[in-house]
Amino acid sequence: MARMRPLCLAEDGCVSWEAYHSQEDPARFVLVERWATREHWETHDAGEAIQKIYVPEIMPRIEREVHPSAPVRL
């Protein structure tokens, strides 16, 4: 994931990219990405970080849950 971060941040529309490691479950990581638009996020799937790192190296080792979300307006 460390190799993915700079690639993702360099992509058009990437606002932020953070990885978190659970302190209670060493096998659990949470990835929080913010994209300017859903279109930017969808285009991200074709990018180098996803195609050259995430799909071949990370996907085979994880269970993935995707939760597209929006900020809570307070």
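What follows is a working chat about a predicted model of one protein.

Me: What should I know before I start on this model?
Reply: The model is predicted, and local features need pLDDT of at least 70, side-chain atom pairs count only at pLDDT 80 or more, while totals for chains, interfaces and linings use all residues. Residues are numbered from 1 along each chain as its sequence is written, and side-chain values use heavy atoms, with hydrogens and water left out.

Me: OK, how many helices and strands are there?
Reply: The protein has 3 helices and 2 strands, and from the N terminus on they run α-β-β-α-α. Helices (H or I, at least four residues) and strands (E, at least two) are DSSP runs, numbered from the N terminus. The C-alpha trace spans about 35 × 30 × 20 Å along its principal axes.

Me: And what share of the residues is buried?
Reply: Of the 74 residues, 19% count as buried, where buried means under 20% relative accessible area, exposed means over 50%, and partly exposed is in between (1.4 Å probe, protein chains only).

Me: Which residues make up the largest nonpolar core?
Reply: That core has 10 residues in all, namely Met4, Cys8, Cys14, Trp17, Trp35, Ala49, Ile50, Ile53, Tyr54 and Ile58. A nonpolar core is a set of buried Ala, Val, Leu, Ile, Met, Phe, Trp, Tyr and Cys residues joined through side-chain atoms within 4.5 Å.

Me: Which elements do they come from?
Reply: Helix H1 (4–10), strand S1 (14–21) and helix H3 each give two or more residues to this core, and the largest share, 5 residues, comes from H3.

Me: Let's take Tyr54, then: buried or exposed?
Reply: Tyr54, which has its place in helix H3, is buried, because its relative accessible area is 10%.

Me: What does Tyr54 touch?
Reply: Not counting residues up to four places away in sequence, Tyr54 touches Met4, Ala49, Met59, Ile62 and Arg64, where contact means heavy atoms within 4.5 Å. The side chains of Tyr54 and Arg64 are also joined by a polar contact of 3.5 Å. A polar contact is a pair of N or O atoms within 3.5 Å; within protein, one must be able to donate a hydrogen and the other to accept it, and residues adjacent in sequence count only if both atoms are side-chain atoms.

Me: What about His44, where is it found?
Reply: His44 is found in helix H2, and His44 counts as buried because its relative accessible area is 2%. Leaving aside neighbours within four places in sequence, His44 is in contact with Cys8, Glu11, Glu33, Trp35 and Ile50.

Me: Switching to the surface, why does Ala27 count as exposed?
Reply: Ala27 is exposed because its relative accessible area is 67%, and it lies in the loop between S1 and S2. Ala27 and Cys8 are 19 residues apart in sequence and 23 Å apart in space, C-alpha to C-alpha.

Me: And Ala10, buried or exposed?
Reply: Ala10, found in helix H1, is exposed, with a relative accessible area of 66%.

Me: Last topic: how much space lies in the largest pocket?
Reply: About 1500 Å³ of space lies in the largest pocket, and of the 36 residues that line this pocket, the closest to its centre are Val30, Leu31, Val32, Glu33 and Glu65. On a 1 Å grid over the protein atoms alone, a pocket is an open set of points where a 1.4 Å probe fits, with protein on both sides within 12 Å along at least five of seven lines, and lining residues have an atom within 4 Å of a point. Grid points are joined across faces, edges and corners, and a volume is the space filled by probe spheres set on the points.

Me: Which element gives the most to the lining?
Reply: Strand S2 gives the most to the lining of the largest pocket, with 7 residues.
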